[in-house]
Amino acid sequence: MVTSGVTVAHHSFAMFDKENPIDLEGIVQEFKYVSPHSFILLRVKDQDGATTVWNLEGGAPSILARDGWTSTALKPGDQIILRIAPLQSGAPGGSWSVDKIKFKDGQPIVVGH
Amino acid sequence: MPCRSSFVIIPLLLLPVATIAMAHDASKYPNWQGQWTVIITPGLEGQAVKFDPTKPWGRGQEAPLTAEYQKVHEDSMADQAKGGLGNYPTATCHPGGMPRMMSVGEYEYIIEPETIYILVGGEDHYRRIFTDGRPWPAEIARSYAGYSIGKWIDEHNNGRFNVLEVETRGPFKGPRAYDGTGLPLHFDNESVFKESFFLDKTDPNILHDVITVIDHALTRPWTVDKTYRRNPNLRPDWREFYCVEGNVHTVIGKENYYLSADGFLMPAKKDQAPPDLRYFKRSSK
């Protein structure tokens, strides 16, 4: 069976730099629970105080659902921290997985997972 | 009101006939009802979408590629390592076609006496397998799924078919790849697929699809036994899948870009130049 961490994907994830992950903390602007991949639009404050919205690509809804995720797992305004593999290009985008994301207070996004 | 009555009566009159016909047909065919999902050997490197589900994706598939197509594959992975899409048009929501379409999604089999439909989902929609005894057409329209003719076999001579043999021919549309690394099929798109579908002898909730690929990018036919597990929930969720809904990969000219959160182009590769804007008028200051 497909397990967590294995991605059903319609493209290679080589465009993301898995060797140099970065940690982000921010406020959810939108959680797109869509095909072929889910996205978190995350408002992140830079060191100079400016805000950048990151486009963060996650698993397909069919795979997230197996880990207990639903379209309402994240809501606008939620504060989260996550470790991502950033785009190789350096643009504000990256990929995330369910085992490297939680609420800012340390609580899991999906209870029991 | 009279109109409404007649509208209701007609289907009711037809119902007993239809029910009898369906019951008769069902007794001849195996029970493939339900939702089927590919069984993947856990813990292997790479994504779940791959031809041989018992091996890692990419090089780990050990596909018997010719030297020329080994290079196509290596070039694809090298491009992807820089942020490109490689030999994998599915990344921009093109259909995967055969055989990738048998490696993804939640499958449903609709068995009719003359045609079998495999509802696929994902970037692909469905397969149509003709079992009405037709000959191969003189000309076949180019497609991603190919043209499939099937034949039911009753191995036990008990009046019930248990094996479906299918041959699928092109010409196909392409390029096509087995998996996300861009593991290629030949660019001539003249593959032939021979499949044998049957329920597992010891577990009727496992369906086999033994696929043999005959393709000019291979040094010999490549056979894989793909297996699928039936969802024990007989009323499973059937999720919508529209690839364009959340796709962020855009190809302009020969370059691919990534869409930002607000819908603008971002570079997918380090130091990537912006797209060619030759058709946009720019004001000179």
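This is a predicted model: local features need pLDDT of at least 70, side-chain atom pairs count only at pLDDT 80 or more; totals for chains, interfaces and linings use all residues.
Of the 113 residues of chain A, 45% count as buried, a residue being buried if 20 or more other C-beta atoms, placed from the backbone, lie within 10 Å of its own, exposed if 12 or fewer do, and partly exposed in between. In chain B, 37% of the 285 residues count as buried. Residues are numbered from 1 along each chain as its sequence is written, and chains are lettered from A and ligands numbered from 1 in the order in which they are written.

Let me begin with chain A. Its secondary structure comes to one helix and six strands; helices (H or I, at least four residues) and strands (E, at least two) are DSSP runs, numbered from the N terminus. The elements of chain A run β-β-β-α-β-β-β from the N terminus on. Among contacts in chain A between residues at least 6 apart in sequence, 58% join residues at least 24 apart, where two residues are in contact if their C-beta atoms, placed from the backbone, lie within 7 Å.

I turn to chain B. Two helices and twelve strands make up its secondary structure, in the pattern α-β-α-β-β-β-β-β-β-β-β-β-β-β along the sequence. The C-alpha trace of chain B spans about 75 × 60 × 45 Å along its principal axes.

In which order do the nine strands of chain B close into a barrel? The order is E1-E2-E3-E4-E5-E6-E7-E8-E9, with mixed pairing; two strands pair if DSSP finds at least two bridges between them. Within chain B, strand E3 (residues 115–119) and strand E4 (residues 126–130) run antiparallel and are joined by five bridges. Ile116(B) has Ile129(B) as its bridge partner in E4(B).

Leaving aside neighbours within four places in sequence, Tyr109(B) is in contact with Ile116(B), Ile118(B) and Trp32(B). Which residues touch the most other members of the largest nonpolar core? They are Tyr107(B) and Tyr109(B), in a core of 43 residues. A nonpolar core here is a set of buried Ala, Val, Leu, Ile, Met, Phe, Trp, Tyr and Cys residues joined through C-beta atoms within 7 Å. Among the elements of chain B that each supply at least two residues of this core are helix H2 (67–81) and strand E2 (106–111). A second, separate core has 29 residues, including Phe16(A), Phe31(A), Ala91(A) and Val98(A).

Next, the domains of chain B. The assignment, whose bounds come from an automatic or database source, gives domain 1 (36–230) and domain 2 (249–285). The C-alpha centres of these two domains of chain B lie 34 Å apart. Six residues of domain 1 of chain B are in contact with six residues of domain 2 of chain B.

Finally, the contact between the chains takes 32 residues from chain A and 38 residues from chain B. On the side of chain A that touches chain B, strand E2 (39–45), strand E3 (51–57) and helix H1 (61–66) of chain A give two or more residues. E3(A) provides the largest share of that side, four residues. By class, the side of chain A that touches chain B has 17 nonpolar, 13 polar and two charged residues. In this classification Ala, Val, Leu, Ile, Met, Phe, Trp, Tyr, Cys and Pro count as nonpolar, Asp, Glu, Lys and Arg as charged, and the others, Gly among them, as polar.
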